[in-house]
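Hi,

Here is the structure I said I would pass on.

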Amino acid sequence: MTSLIAALFLMDHIVSAVSQCTVPDSEFSLAGDFLIGGLFDVHDVTEEVSHLLPDAIDCSKQPFSLSNYRRFQVMRFCMEQINNSTQILPGVTLGYEIFDHCSDTSVFPGIFDFMSVHESVQPWPGPQGLNVPKVLSVVGTFTSTKTRTIAPLLTMDFIPMVNYGSSSSAFSEKAKYPTLLRTVLPNQWMVEVIVTVLLHFRWHWVAFLNDNGDYGTDGVDLFGKAIKDTEICLAYNKEVNSLTNHSEIFQQIETQKINVIIVFTEERIATMLIRAALNLKVNNKVWLATDAWAFNRGLMETPNIDSIGTVIGIAEPETKIPGFYNFISSLKHGHAQCEVGEKRVCNQVCDCNELRPEDIFEADPSYSFPVYASVHVIAHALHNLLQCGRGQCNTSMTIYPYMVLKEMQKSNFTLMDHNIQFNENGDPKFGYYSIVFWDNTKAEEVGYYKIYPSVDFYINSSKIQWYTDKQVPSSLCSSECPAGHARQQFGLHTCCFNCVSCPNGTYINSTVDPYTCVSCPATEWSTSASISCLPRLVEFVSFEDAVAILIMFGTVFFVVLSLLTAVLFGLNYNTPVVRSAGGPMCFLILGCLSLCSISVFFYFGKPKESYCIMRLLPFVLFYTVCLACFVVRSFQIVSIFKIAATYPSIQRWWMKYHGQWLVIALSFILQLLLLLITYTTASPKLYNETVWYPNQIVLGCETSLTAFGGSMTLFVILCFLCFVFSYMAKELPKNYNEAKAITFCLLLLALTWIIFATVFILYRGKHLQSLNALAVLSSLYSFLLWYFLPKCCIILFQPEKNTQQYFQGLIQSYTKTISQ
């Protein structure tokens, strides 16, 4: 408790000293009905200052900041303008207490003075309730670090701070900074503009230099998050300060071939960095300047500044404040009179006697409008609280700082074409960024980035004089891949990669994923190094195709020949040739062969599932009957000449029960059952062939050989039996030896399907369907031509061989031969 009382006594002593050293005609103070505080870095501490005793720092011994002195004068001008206005706060005068806030840790007397009540700091409410501190609001400060230091102190008494220069994103957290509003855009928007510019010019390989204060560390954190899902790579990042080895930094940047450098630092650090680059002859770089130094006239006017490369600045636009130049020119004796009296103490001393009005007016104009707007925000809040109207205000009211804060949060007025409003975080809902280019000694506007009411970006790169003449410089770790090539990353950064050509059947969409070759859909194709897929040509044999017409004509001709053969056999039904060929069985064979030909027509046209079924069903079913007929016919020939004599009982049984028809019926029924099972479990499906031809889709049918195993087995068994019986009947009389003709037909049948199987392995084009139909037709023609046609020739052209006597003579000759 003793230490607390001692600390309060010390603060009270300091505040009293501050009050005693204030000279009435000082630029730093002005009496008025309501007092507003101001914090400006008229001087800036460049090195850490340490004291053995708690003493206020002498800011006048620190380097003078002309740009901050200009902002200081903007506040004074705005206060004078408001006091002379009849539109805002009529009959009410605003006074101010402004302190030179040159240090972020050692300048507290001004803050305590603002918080003081009757020249004493009271950390708890007085007996009458809430304290009314000396000032109702504070304008300041310039840097984020200084704001972070003093904002909590002002928050204790709910003294609102309207900030004009601290852009750290931390101040958007209202839980930590409930009484802070600002008229400068937060860092996240600055970073957004930087990223937009980098992407616009395709600068993906960059260096980021930041100071170690709140402003720079916040900037680099936001930048890292902003580029996370972009093509931008942070190749090099370094904190810089007054002790930095600039030579080492620029050597690292040159080693990594970085051509774009983002300098996110306060003005003093940026000045040291750029001058070091000049001394070290760093050239051929693009420098991105933030609002802290984008309008730094001192750097712009530095000799040979263009030798470092191209400087592009991003800052709030330079706003000309009407009447400000006249105000500067009217200062006492034509220059800024800061020293009053023989000696000044505390924070109110500045050595600026030699300044001309032109020096002040032409200093860095950035942040001038935010200062101007800050004062107006406070004035309009008071105007509303005092119920000003009709030329007078209610000055009898007691105004507390929290009331001013609440009214400021509701601000909504127009100031120099800006609609002054704040969001829920206390950040401005007005303002935009100007993109400038350092052209000799001036900053020429080449674009803008508007935020409110909607985002609008524009930049005219033709106005920028690049160090590479007229071409936009590049900053890439690896050059862009040619079209149709994918990136193959090496190292830690995604910007460093090799280029690999995408193979056939794949493509790459660089805007979506530049690292992956995407496979084309089944209905599309591509060549190597493609950026898109092309539709495949759909192929099938149409009914109008020449090959299809030829095969279908052959099929129709086959049916006609079969019909003529049946007619011829019918007219000569009782002749030996017809009876030896099978008699009534011949008509069954010819009928089944004709029904088999139905399958041929379903190999043409666009495939359907019904087509796939009909390609196999008629052929397999009715060809089975044909094969069964030939098996029976071969067996009958062998039975008559060989088995009947040896095994007469078999012959009698065969004749009694009509064994030939029984075998044919059983074969038909068995095959029908097998087909029903097959089509129920694994029916043929439509199939698109996309493997053999990358640019085509061959429409066809997919048939499971396993599912058709039973039907094929029955086929093989019937063929095998035909061969066996044919071999047994090889020595029979010529006209009775239909077995030889059957054997030859079977050989042709086997050869046909072996050829087709070979082609099926080597070729999968659309004409495979035509070859399949041709194989079916050949299977039909083999029996018609080599079994029935010779007999038709005998009937038509050799009738003498179609007599009973001729056949009896052949049998007698065969009997004599086998008996010898």
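Helix α16 (residues 584-596) and helix α22 (residues 767-797) have axes that come within 10 Å and cross at roughly 150 degrees. An angle over 145 degrees counts as roughly antiparallel, so that is how α16 and α22 run relative to each other. The crossing of α16 past α22 is left-handed. On the α16 side, the contact is made by C586, I589, L590, L593 and C596, and on the α22 side by L780, F783, L784 and F788. If you sort the residues of this contact by class, you get nine nonpolar, no polar and no charged ones.

Before you read on, please keep in mind that this is a predicted model.

The next pair is α19 (residues 659-681) with α20 (residues 709-728): their axes come within 9 Å and cross at roughly 155 degrees. The cut-off for roughly antiparallel is over 145 degrees, so α19 and α20 fall in that group. S667, L670, Q671, L674 and L675 of α19 make the contact with G710, S711, L714, F715 and L718 of α20. By class, the contact of α19 with α20 has six nonpolar, four polar and no charged residues.

Then there is α2 (residues 66-83) with α12 (residues 368-385). The axes of α2 and α12 come within 9 Å and cross at roughly 35 degrees, and α2 passes α12 in a right-handed crossing. From α2, the contact takes in R70, R71, V74, M75, F77, C78, M79, Q81 and I82; from α12, it takes in S368, V371, Y372, V375, H376 and A379. The class count for the contact of α2 with α12 is ten nonpolar, three polar and two charged residues.

**The protein as a whole**

Stepping back, the protein has 23 helices and 25 strands. It has 820 residues, and buried ones make up 50% of them. The exposed surface comes to about 38500 Å², with carbon and sulfur atoms supplying 59% of that area. As for how the chain meets itself, take the contacts between residues at least 6 apart in sequence: 70% of these join residues at least 24 apart.

Two cis peptide bonds are worth a look. One joins G140 and T141, with omega at about -10 degrees. T141 sits in the loop between β4 (137-139) and α4 (144-155). Another cis peptide bond joins Y452 and P453, where omega is about 0 degrees. P453 belongs to the loop between β15 and β16 (456-459).

I also noted two residues with positive phi. L89 has phi near 50 degrees, a positive value in a residue other than glycine. You will find L89 in the loop between α2 and β3 (94-100). Is L89 buried or exposed? The relative accessible area of L89 is 1%, and the cut-off for buried is under 20%, so L89 is buried.

D417 is the other one, with phi near 70 degrees, again positive in a residue other than glycine. The loop that holds D417 lies between β12 (413-415) and β13 (418-420). D417 has a relative accessible area of 78%; exposed means over 50%, so D417 counts as exposed.

**Two more residues**

E444 is in strand β15 (residues 442-450). Its relative accessibility is 25%, which makes E444 partly exposed. Leaving out residues up to four places away in sequence, E444 touches I435, V436, F437, D439 and K463.

L762 is in helix α21 (residues 738-762). With a relative accessible area of 64%, L762 is exposed. The C-alpha atoms of L762 and W692 are separated by 9.8 Å, and these two residues are 70 apart along the chain.

That is everything I have for now.

Cheers

Terms used. Residues are numbered from 1 along each chain as its sequence is written. This is a predicted model: local features need pLDDT of at least 70, side-chain atom pairs count only at pLDDT 80 or more; totals for chains, interfaces and linings use all residues. Side-chain values use heavy atoms; hydrogens and water are left out. Axes are lines fitted to C-alpha atoms, for helices over the stretch in contact, and angles run from 0 to 180 degrees between N-to-C directions. Helices (H or I, at least four residues) and strands (E, at least two) are DSSP runs, numbered from the N terminus. Angles under 35 degrees count as roughly parallel, over 145 as roughly antiparallel, 65 to 115 as roughly perpendicular and the rest as oblique. A crossing is left-handed if the near helix is turned anticlockwise from the far one by less than a right angle, and right-handed if clockwise. Contact means heavy atoms within 4.5 Å. Ala, Val, Leu, Ile, Met, Phe, Trp, Tyr, Cys and Pro count as nonpolar, Asp, Glu, Lys and Arg as charged, and the others, Gly among them, as polar. Buried means under 20% relative accessible area, exposed over 50%, partly exposed in between (1.4 Å probe, protein chains only). Accessible areas come from the Shrake-Rupley method with a 1.4 Å probe; for residues, only the protein chains shown count as cover.
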